[in-house]
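Biologist: I am new to this structure. Could you show me how to read its features?

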Amino acid sequence: MKMKKLSDIASSRRTWAWPYVLFLGLFVVLPLVLIAYFAFTDNHGSFTIQNLVKFFTQSEAISTFLYSVFIAVLNTIICLLLGYPAAYIMAMKEFRTPQTLAILFIMPMWINFLLRTVATVELFNMVGIPLGEGALLFGLCYDYLPFMIYPIYNTLQKMDYSLIEAAQDLGANRAKCFRKVVLPLSMPGIYSGIVMVFMPTVSTFAIAELLTHNNIKLFGSLIQDYITTSDLLNYGAMLSLILLVIIGITSFFGGDEEGEKGGLI
Amino acid sequence: MQNSKVSQEEILAQGPQAQGEYIIEVKNVSKQFEDGKFALNNVSLSIKKGEFVTILGPSGCGKTTLLRCIAGFQVASSGDILLKGEDVTQTPPYKRPVNTVFQKYALFPHLNVFENVAFGLKMKKLEKSLIAKKVRTALKMANLTGYEEREVNTLSGGQQQRVAIARAIVNQPEVLLLDEPLSALDLKMRHDMQIELKQLHKEMGITFIYVTHDQEEALTLSDRVVVMSEGEIQQIGTPTDIYNEPINCFVADFIGESNILSGTMICDKRVRFCGHDFDCIDEGFGENQPVDVVVRPEDIYLLDNPEKGQLRGTVQTCIFKGVHYEMRVLTPDGFEFLIQDYHEFLPGREVGMLVKPEDIQIMKKERLFNTYEGEILKNNKVSFLDADWDILPEVAAQFEVGDKVQVEVEFADVDLQDYEEEGTLTGEVHFILYKGDHYHLTIRTDEGNDIEVNTNDVWDDGDRVGVVISAKDIRVKKA
């Protein structure tokens, strides 16, 4: 009798969900609550909105934030411009791209980005290219390009080739066929790519630190600075919260078109 | 309005003959793929304006490749394709005045019904109001009025098919190409759509080229049927021609049900098969010539009195098929006939069978035995079909090593083995024909050669076999 009960418990879906609920609670919900708590308290733990006011009045944080967004947008655009053609060439069978090429494009994803960034710094030093904004952009692009290519490649590859033939059949030349059929149908992949490149770039700090010798500060670096400085921890938490809210809002924009034929997310 | 309608009817009444022009001419077109295999082998076909032509054949016969060459999605390796007398062999698809209805519809999922149908017109940069008008007309013709704003993936298969048809006809193409458009629909829907397509063809008066593997569909819809097999056209003719006078065993077997038997043409209008002489209406085969005989199951009359017919037999099985009964009748000599009759003849019953002269279709035998080029080798061996075979020493003695010879093997002398390794060479069962009392198989060897075999054993299409020919059965002649 008891045995049966045990097996019932073991086989119910609810039981199996518990470890995940616990994990999510501990490592996602709790940290978020803590961030919010610290963001709206002062050093002594009493409630305040001073941190929020400080963000909007202190020009340094805002300008760093805007600069981060600028860098992230720029990086996303570069990744899109470089990544889309690459994904297209890999996915379209008319180009007969060998499988190895596809793997080479995706392979950087296999290696930790810090490792790659450190290697890039060494490479730049060796060749004698000065570190700075250009190096930063290069590093970001190098690190995040696969995240743009992969979702786009994925949607393009799954696309029914007869749709392209249908467009040609109806009088669309190559350019029109691309604009009217291929591009609209690859939008889910583009959205995924943008989200996957933009979001981590806005909050990046390690790449900026390494590739600019800590000369250029991104929003992520700023947060890191504040949080490691103990008396500014609450302000750092507020900046994190603001970043989180803004990223949340941006991901809502692409949200409605995804899901259906989504690229990666 | 009235005027233009009359003139259109007049054109239709005159028929394609009166206009005397071919809208599509396919001249000696071959398509060879990278692996060297021919999808199309020297195909020639002329299609008149306004015709409904169906290209019919089993999967892999090249029918879709031919259609895609006409549409421009594939470029012929050699030969020419002419559209209204103009060479379009190298013309890209978007410049050809043809439109295609694709097998899986290929509707644009990001556009609604109206936008899908309007796609081609927008490419032509027509005025917006004109586009709307034309799209409405096309949707009406396809019975889709009211569906303009619907997303295409909310439609049923039949509705999607209608959108695909509307999207093609709205451009008023010279030729409408249809690539197995009904294959994804269920039977009932398919029949309804067949009638609608036929109606559409009549209304529009444009040329339809329709690809299908469904012989019933081909016979129902077409003015002319093109039967294809292995990249070659087997026969072109009206549905009745194709059905009543198949040109070879492949066509007879592929179109409808048939009894195919080996026989001998005794003289003009007299043929012998199953041990009986029959009157027939065919002439010009010569005397005592081996032929293949085709009798359709509905053309054999069953008689209650076994003595009365030309042949007698015992009913083996009887299946009710709705309109008729389908019986298998075995003659004392071991020939099995498939017979359809409105009356039921129960298994075990003795019956007579009668065939009218005009219902016997005679076909010249393409081959009487296997013939190959070979070369004499050392140690009483001969090489042909990319393998070395033993021959009798006394036969080998008549030749020098290295002599080029012609090798002949009777169909019945080829042995097939279940275990490939037991064969001198290996291959695959490629085509099966039931000849009443035996099976006639075509074995395609791994090197791509064909061996024809008569056997009583039952094999399936695609079975792997080992081929054995004993030394005494290999005839060797000077080349």
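**Domains, strands and helices**

Modeller: Start with the domains of chain B. The model is predicted. The domain assignment of chain B gives domain 1 (19-244), domain 2 (257-364) and domain 3 (370-478).

Biologist: How many residues does each side bring to the contact of domain 2 of chain B with domain 3 of chain B?

Modeller: Domain 2 of chain B gives nine residues to the contact, and domain 3 of chain B gives four residues. The C-alpha centres of these two domains of chain B are 32 Å apart.

Biologist: Which strands of chain B each supply at least two residues of the side of domain 2 that touches domain 3?

Modeller: Strand S11 (259-267) and strand S18 (336-341) of chain B do. S11(B) has the largest share of that side, with four residues.

Biologist: How does the side of domain 2 of chain B that touches domain 3 of chain B divide by class?

Modeller: That side has five nonpolar, three polar and one charged residues.

Biologist: Next, strands. How should I read a pairing?

Modeller: Begin with the general idea. In a regular strand, side chains alternate between the two faces of the sheet. Now the case here. Strand S21 (residues 370-377) of chain B pairs with strand S24 (residues 404-409) of chain B in the antiparallel sense, over six bridges. In this pairing, B:Glu373 stands opposite B:Gln406 of S24(B).

Biologist: In what sense does S21(B) pair with strand S22 (residues 381-384) of chain B, and over how many bridges?

Modeller: The sense is antiparallel, over three bridges. B:Glu375 has B:Ser383 in S22(B) as its bridge partner.

Biologist: Which residue takes a positive phi in the hairpin of S21(B) and S22(B)?

Modeller: B:Asn379, with a phi near 55°. The hairpin has three residues between the strands.

Biologist: Last, helices. How do I read a packed pair?

Modeller: Two packed helices are described by the angle between their axes and the distance between the axes. Take helix H6 (residues 113-127) and helix H7 (residues 133-158) of chain A: their axes come within 10 Å and cross at roughly 140°. That makes H6(A) oblique to H7(A). Their crossing is right-handed.

Biologist: Which residues of H6(A) and H7(A) meet?

Modeller: From H6(A) come A:Phe113, A:Arg116, A:Thr117, A:Thr120 and A:Phe124. They meet A:Ala135, A:Gly139, A:Tyr142 and A:Asp143 of H7(A). By class, the residues of this contact are four nonpolar, three polar and two charged.

Key. Residues numbered from 1 in each chain as written. Chains lettered and ligands numbered in written order. Predicted model: local features only at pLDDT ≥ 70, side-chain atom pairs only at ≥ 80, totals over all residues. Domains from an automatic or database assignment. Contact = placed C-beta atoms within 7 Å. Nonpolar A, V, L, I, M, F, W, Y, C, P; charged D, E, K, R; others polar. Pairing = 2+ DSSP bridges. Axes fitted to C-alpha atoms, helices over the stretch in contact; angles between N-to-C directions. Parallel < 35°, antiparallel > 145°, perpendicular 65-115°, else oblique. Left-handed = near helix turned anticlockwise from the far one by under 90°.
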